[in-house]
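Visitor: I have a structure open here and would like to go through it with you. Could we begin once it is on the screen?

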Amino acid sequence: MASTTDSEAHNLESLLSSEERDFLVRNNGDQVTISNLVGKTVGLYFSGSWCGPCRGFTPKLVEVYEELSSKGDFEVVFISSDRANEAFDQYFAKMPWLSIPFSDSGSIKRLKDLFKVRGIPCLVIIDSNGKVSTDKGVSIIRDFGSEAYPFTPERINDLREEEEAAKKQQTLRSILISSSRDFVISNTGTEIPVSELEGKVIGLYFVVDDHRGCTEFTTKLVEVYRKIKDTGENFEVVLVWLDDEEEEESFKQSFDAMPWLALPFKDKSCEKLARYFELRALPTLTIIGPDGKTLHPNVAELVEEHGVEAYPFSPEKVAELAEIEKARLEAQTLESILVSGDTDFVIEKSGSKVPVSELVGKNILLYFSAEWCPPCRAFLSKFIEIYHEIKAKDHGFEVIFISSDRNQPAFDEFFSGMPWLALPFGDDRKAFLQRRFKIGGIPAVVAIGPSGRTLTTQAKQLLQVHGADAYPFTEDHLKKQEQKHLKQQEQKLEEMTKGWPEKVKTELHPEHELTLTRRSAFICNGCREIGHAWSFFCKQCDFDLHPKCGLKQDEATKNGPKEGWSCEGDVCKKS
């Protein structure tokens, strides 16, 4: 990306023109002479219609552009990454600003290269003097909108300082009220003044439409919300809808099924709150206490695990629940995690039921996976080999497949290639197990010992490193395996260096000899590629060469290649 500290002043007329062209175009075909932009703050907008994030950001930029249009000293220039003129025309038709003509591919490439554009959307801001203010225009617009104008580093620093000061003096009003709105809405459209919510415990519920986790959590939250309200507690939830690309009808349909309040659709405060509370995951339910201060950044897991018992989400209550959870984990048995009501079985590929009681006392791996997931399919073949290897040594071992497949046929096809057991497709126990073991991605493998207690939630990674030797996943066994693994790696590294000189001379770094040194990771100053393990290194100058580069240079310095050497990748060995 362009350097935000680059002091070079660009001449807009030479920057945006070509030998054949001294103008930019509007979407109606009008031509605007580039000299009209001199003295203005200009945003160079690198974007393309095929890019989802670009399509999502463009409406935000349009909104900011229109808010600033009255100033008369801000302009945007579209620099297209579209592949066809028709796509360019359709996309540009939605933009009220100027553009480099689609036909001028030379200028488009030159500008992308000049500002080192490696991804889109990208918005490079050039100030009125022709200097680059920032190449982070996209994130600045998302964070601050038109308030960031004129987009100088000083203005952005001021806004961030104001945000930090506001956090220290946070109130419910400072969070939920904007310059144009002092209310939230019910699902009937009634405007509820924010002042009526003061003094209550408030849950800010951040949602994205069609997000499976949000959909599942909403059902649970509706149940908990109604139970809390039935007890007469001063509790309210405010929906913060984050899906700008959806139509308002989608918002209304989802909101109609929720008994609480919401910020209006596409309200500017929605994204501002997501940034303010440093949103990291979905679903998120942020709790604001009666005094307007943040009680907890996200109680979604607590609500899932403990339901209404998690209220009022205070530090004392959270500590109490943590002790309960600790005791629950210590008392965990296989039946406590795999039996739910009358559902006390897993299944074989034939569909036959295997009672959980028959698995008690065995080492169990819970395998979270899905047919649609490429990493899952890649891991499966190796996992099956490991399964058979362990099973041949210990019959007191089993794997249970827990599917995230989207339909029964996909589940059936994927499960048909596995030699172990499974939860039935669509089983309610899956959601509980995902929460219990905090499964954030698949494939994942959780190891349960003969007592029913959890040995590790990182069994997949251990299987990838140690294979069947990771079994039975006990702490002492894994320590021994890790020591064995490190020793083997050390031996391999030592084997690599046999015959290598301790020092080399090179024309690339004539000042000092380079010493063979163990390095975790580095950038080779010769070929500019990443290296690891070994480097010919000058500590004084922080200069690295791959072994292949260092030995090659050393041979060249000694006038000719050294017979009997061969180099492959990062490794050079004696033949």
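Predicted model: local features only at pLDDT ≥ 70, side-chain atom pairs only at ≥ 80, totals over all residues.

Visitor: Fine. What volume does the largest pocket have?

Guide: The volume of the largest pocket is about 1,400 Å³. Its lining consists of 45 residues, and those nearest the centre are Glu63, Asp267, Lys268, Ser269 and Glu271.

Visitor: Which elements give two or more residues to that lining?

Guide: They are helix 2 (52–68), helix 5 (137–144), helix 6 (153–168), helix 7 (172–176) and helix 10 (269–276). Helix 2 supplies the largest share, 9 residues.

Visitor: And how many of the lining residues are nonpolar, polar or charged?

Guide: The lining of the largest pocket has 21 charged, 15 nonpolar and 9 polar residues.

Visitor: What about the second largest pocket; what is its volume?

Guide: The second largest pocket has a volume of about 1,100 Å³. It is lined by 32 residues, with Gly213, Glu216, Gln434, Arg435 and Ile439 closest to its centre. Helix 8 (212–230), helix 11 (300–306) and helix 16 (429–436) each give two or more residues to this lining.

Visitor: Which helix gives the most there?

Guide: Helix 16 does, with 6 residues. By class, the lining of the second largest pocket has 12 nonpolar, 7 polar and 13 charged residues.

Visitor: In what sense does strand 17 pair with strand 18?

Guide: Strand 17 pairs with strand 18 (residues 397–403) in the parallel sense, over 7 bridges. Within this pairing, Leu365 is opposite Val399 of strand 18. The chain passes from strand 17 through helix 14 (residues 374–393) to strand 18, making a right-handed β-α-β crossover.

Visitor: How many bridges join strand 17 to strand 20?

Guide: There are 5 bridges between strand 17 and strand 20 (residues 444–448), and these two strands run antiparallel. Leu366 has Val446 in strand 20 as its bridge partner.

Visitor: Now helix 15. Which of its residues are buried?

Guide: In helix 15 (residues 408–415), the buried residues are Ala410, Phe411, Phe414 and Phe415. They lie on the same side of helix 15 because they cover an arc of only 120° around the axis. An α-helix has 3.6 residues a turn, so residues three or four places apart point the same way. Pro409 and Glu413 are exposed, on the face of helix 15 turned away from its buried side.

Visitor: Where does Asn407 lie?

Guide: Asn407 lies in the loop between strand 18 and helix 15. It is partly exposed, at a relative accessible area of 36%. Asn407 and Gly426 are 19 residues apart in sequence, and their C-alpha atoms are 8.4 Å apart.

Visitor: Last topic, the backbone. Which residues does the cis peptide bond with omega near 0° join?

Guide: That cis bond runs from Ile120 to Pro121, and Pro121 is in the loop between helix 4 (105–114) and strand 6 (122–126). Tyr311 and Pro312 are also joined by a cis peptide bond, with omega about 10°. Pro312 is in the loop between helix 11 and helix 12 (315–330).

Visitor: And what is phi for Lys438?

Guide: Lys438 has a positive phi of about 50°, although it is not a glycine. Most residues other than glycine have a negative phi. Lys438 is located in the loop between helix 16 and strand 20 and counts as exposed at 56% relative accessibility. Asp542 also has a positive phi, near 55°, and is in the loop between strand 24 and strand 25.

Notes
Residues numbered from 1 in each chain as written. Heavy atoms only, no water. 1 Å grid on protein atoms, 1.4 Å probe; cavity = no way out; pocket = protein on both sides within 12 Å on 5 of 7 lines; lining within 4 Å. Points joined across faces, edges and corners; volume = space filled by probe spheres on them. Helix = DSSP H or I, 4+ residues; strand = E, 2+ residues; numbered from the N terminus. Nonpolar A, V, L, I, M, F, W, Y, C, P; charged D, E, K, R; others polar. Pairing = 2+ DSSP bridges. Right-handed = clockwise from strand over helix to strand, strands pointing away. Buried < 20%, exposed > 50% of the residue type's maximum accessible area, 1.4 Å probe, protein only. Arc of directions from axis to C-beta.
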